[in-house]
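Visitor: I would like to talk through the charged pairs and a surface patch here. Please put the model up first.

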Amino acid sequence: MTYTVAVRELCEFTAKQGDLDLRFTPAPTALEGIAGHGVVAARRGKGYRAEVALSGSYQTLQVRGRADGYDPVQQRIDEVKTFKGRLDRQPASHRHLHWAQAKVYGWLLCQQEQLAHIDVALVYFDIGSQKETVFSEHCTADELREHFEAQCQRFLAWAEQQVAHRTARDAALGTLVFPFGGFRAGQRPLAEAVYKAATGGRCLLAQAPTGIGKTMGTLFPLLKAAPAQQLDKVFFLAAKTSGRQTALDALARLADSAPTLPLRVLELVARDKACEHPDKACHGESCPLAQGFYDRLPGARAAALQAARSGAASEEVARGAAEAAAPNAPAHHHHSVPLHQAQVRDAALAHRVCPYYLSQELARWADVVVGDYNYYFDFGGLLHGLTQANQWRAALLVDEAHNLVERGRKMYSAELRPDTLAAARTSPAASRHPVVKKALDKVRRCWVALDKAQAADYAVYDAFPEALLGALQQCGTTLSDHFSDHPADLDVALQTFYFEAMHITRLAELLDSNSLVDISRPAPHTSHLSRPGSAAAKPGSATVCIRNVVPAPFLQPRLEAARTSTLFSATLQPARYYADLLGLPDQHVWVDVESPFESAQLKVEVARHISTRYADRHASLAPIAELMAQQFNARPGNYLAFFSSYEYLQQVADGFAQRHPHLPHWRQSRRMLEAEQRQFLERFTDTSEGIGFAVLGGAFAEGIDLPGRRLIGAFLATLGLPQVNPVNEQIRQRMQALFGEGYDYTYLYPGLQKVVQAAGRVIRTPSDEGVVHLMDDRFGRAEVRMLLPGWWKVE
């Protein structure tokens with residue numbers, strides 16, 4: 001069996017050396033890079049061949065890639081690198097890596113074209129000046145072959161290990177049995193749908209009830225399908241930490257049931273949670289774990305992959321440290337290897353490397369990666385980038401997929417905030433460097449002019465304002481040059497504005513009808529800066545925003561890059577809404593798994609005498625408190641009560657406490673810390689009694705599990721409808737234009753999704769019983785009832 005590796009991946013494994021250096025230096029965007037490569041190719045003579053597909057082998061290793069260009073007249077192969085700033089400040093380690101890649105391509109071309117010699121050129125293309133700098137070496141085919149074989153020899157031990165691992169993994173997955181003996185009700189049809197989607201290379205949208213074991217019901221069939229479908233990776237993507245932990249627990253259960261299963265499971269965590277030295281910058285001169293990172297990486301990588309399951313990493317790390325002198329030796333193991341945060345940290349610290357960036361390197365070698373949505377769907381998503389570079393056959397599992405609509409919108413939206421520009425203009429760099437100050441001042445002048453010309457406090461524009469866009473682009477070039485000329489001059493305020501400006505200009509280039517351009521002034525009550533006569537009330541105080549409404553154009557290519565994908569949740573109704581907004585392929589499959597729960601388990605009552613409309617809020621306070629007290633007195637136990645806002649929550653809770661001081665209750669507060677959230681949930685025990693007041697859409701409305709007597713009922717004092725405001729009204733108009741259902745797509749569907757999620761906290765197991773009170777007369781409407789679960793018997 002051969003192991004196939006991309007040229008880039010091969011050289012990044014064998015030719016990276018020295019420090020990890022993440023000091024900010026401006027880099028071209030992907031679009032700028034593509035355009036730069038196009039300019040270089042267009043300048044070449046007739047017969048120049050761009051994007052030349054090449055491949056070659058060494059023993060059991062197959063190497064493939066695309067050379068940027070080949071000139072058969074000059075007999076020269078080009079490796080093109082686009083850049084911004086000053087080339088003379090490029091680290092030697094980067095140049096070393098680039099030469100390694102270029103010479104591998106050189107040998108592959110010599111072999112393919114039967115050449116005895118060739119010129120190998122590094123072509124550095126300056127995005128700003130459009131100028132090329134070329135470094136060229138004349139190489140014989142024998143020299144290039146020796147270079148190629150040297151890289152392959154360094155990689156071969158790992159390739160052989162990977163082939164052995166993959167063979168053992170696929171054999172074990174072929175005999176894997178469901179770890180619980182039998183499927184829960186509803187779990188089998190879900191698993192069958194996931195398996196069929198995987199074998200057909202399809203995208204699946206699956207609505208499945210809470211409590212049936214969706215995580216195991218999706219992971220198990222996908223892993224079973226992996227050998228036949230030749231899946232390289234499974235990416236389990238979650239919106240919240242609780243979702244990631246559920247996946248890790250399910251994978252641990254699989255490992256316990258199949259002790260010989262050699263499955264590498266990697267957990268990716270946020271940088272701020274993995275950083276050992278948050279007070280230091282990410283480069284060798286500042287952080288000891290960045291110094292010599294790539295020199296010590298092989299030993300750390302070997303130790304992490306050899307780490308035994310059940311947290312026995314320390315023993316293997318010690319052995320890995322002893323073997324650091326021969327870091328490329330293959331590591332054979334025949335058991336599940338969890339590469340969770342703790343195990344990766346142990347291996348990293350034993351070898352004095354950064355845990356966060358070690359985990360990113362390990363993503364190349366893991367079978368299952370568990371992480372946040374952004375690792376795949378964001379602009380710079382690590383997992384998507386690796387999938388593209390290595391042409392992996394990857395499978396996606398998107399947990400609680402209803403969250404991907406809002407998360408996708410945030411990923412592809414951008415804001416320019418006046419306080420960020422103000423901080424940049426008063427930064428030390430702006431004070432010391434007139435050219436920087438001048439560029440920032442021009443942005444400010446365009447911003448002020450735009451603000452003056454806008455009569456209303458909120459306005460939507462047909463396109464991004466041309467003058468401001470030009471000033472931002474020019475400022476970006478100036479700041480890019482400044483950062484390149486002063487790499488050690490860390491100016492946080494200036495960098496923050498630069499990132500905001502570059503993000504919004506990038507989105508401006510991609511602007512279409514799926515996003516809005518709007519400018520809004522701060523409301524008078526939002527800040528002390530907004531008082532009449534204050535700085536914020538002057539022109540230039542508005543926020544400029546590109547607001548994504550439909551993330552589908554950005555998400556669809558990511559879904560199509562996967563061999564198969566399953567997006568699942570308990571609330572994906574109506575399916576067309578999620579298909580439209582998430583960009584699901586036309587041939588995607590929809591499955592609505594029948595609930596295993598009986599309507600007798602959940603009593604659902606509509607309080608038609610209550611209105612929670614904003615105008616009726618004050619009148620609703622007493623009836624809501626009385627209904628909650630009546631239910632509690634009739635059946636004491638634990639309840640959750642959900643409200644549309646903290647203000648409404650406090651009003652009802654204050655009235656409830658005044659009228660019924662003997663009934664225990666506790667409240668969610670704004671910006672609760674994780675420890676405070678745990679304390680809130682710890683009040684719900686099998687023997688406790690009381691009502692927890694929470695906000696719909698908040699931390700306690702989904703992703704929490706309170707089975708049995710821990711929660712016996714819920715009160716919903718809201719339809720969850722988003723607030724009617726100028727922004728949402730613009731979204732409604734855009735949704736109407738795109739899909740013909742403006743109100744439903746903007747207000748009704750998102751609101752009812754939150755309601756069903758919150759009510760889903762009550763029935764978690766087949767033995768649970770409870771009650772849900774829907775406290776608003778609108779819950780009696782037919783169009784609302786249609787969006788509630790079919791197994792509910794609404795009274």
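Visitor: Which residue does Arg43 meet in a salt bridge?
Guide: A salt bridge puts a side-chain nitrogen of Lys or Arg within 4 Å of a carboxyl oxygen of Asp or Glu. For Arg43 the N to O distance is 3.2 Å, and the partner is Glu132.

Visitor: How many residues apart in sequence are the parts that Arg43 and Glu132 tie together?
Guide: Helices (H or I, at least four residues) and strands (E, at least two) are DSSP runs, numbered from the N terminus. Arg43 sits in helix 2 (residues 30-43), and Glu132 in strand 6 (residues 132-140). The pair therefore links parts separated in sequence by 89 residues.

Visitor: What is this model, and how are its residues and atoms treated?
Guide: It is a predicted model: local features need pLDDT of at least 70, side-chain atom pairs count only at pLDDT 80 or more, and totals for chains, interfaces and linings use all residues. Residues are numbered from 1 along each chain as its sequence is written, and side-chain values use heavy atoms, with hydrogens and water left out.

Visitor: Is Asp451 buried or exposed?
Guide: Buried means under 20% relative accessible area, exposed over 50%, and partly exposed in between (1.4 Å probe, protein chains only). Asp451 has 4% relative accessibility, so Asp451 counts as buried.

Visitor: Which residue forms a salt bridge with Asp451?
Guide: The closest N and O atoms are 2.8 Å apart. Asp451 lies in helix 18 (residues 434-453), and its partner in the loop between strand 15 and strand 16 (543-548), so parts 70 residues apart in sequence are tied together.

Visitor: What is the relative accessibility of Asp776, which meets Arg778 in a salt bridge?
Guide: Their N to O distance is 2.9 Å. Arg778 is at 13%, so Arg778 counts as buried. Asp776 counts as buried too, because its relative accessibility is 0%.

Visitor: Which residues do salt bridges that share partners join into one network?
Guide: Side chains of opposite charge can pair when their charged atoms come close. Here shared partners link Arg8, Glu9, Glu12, Glu361 and Arg364.
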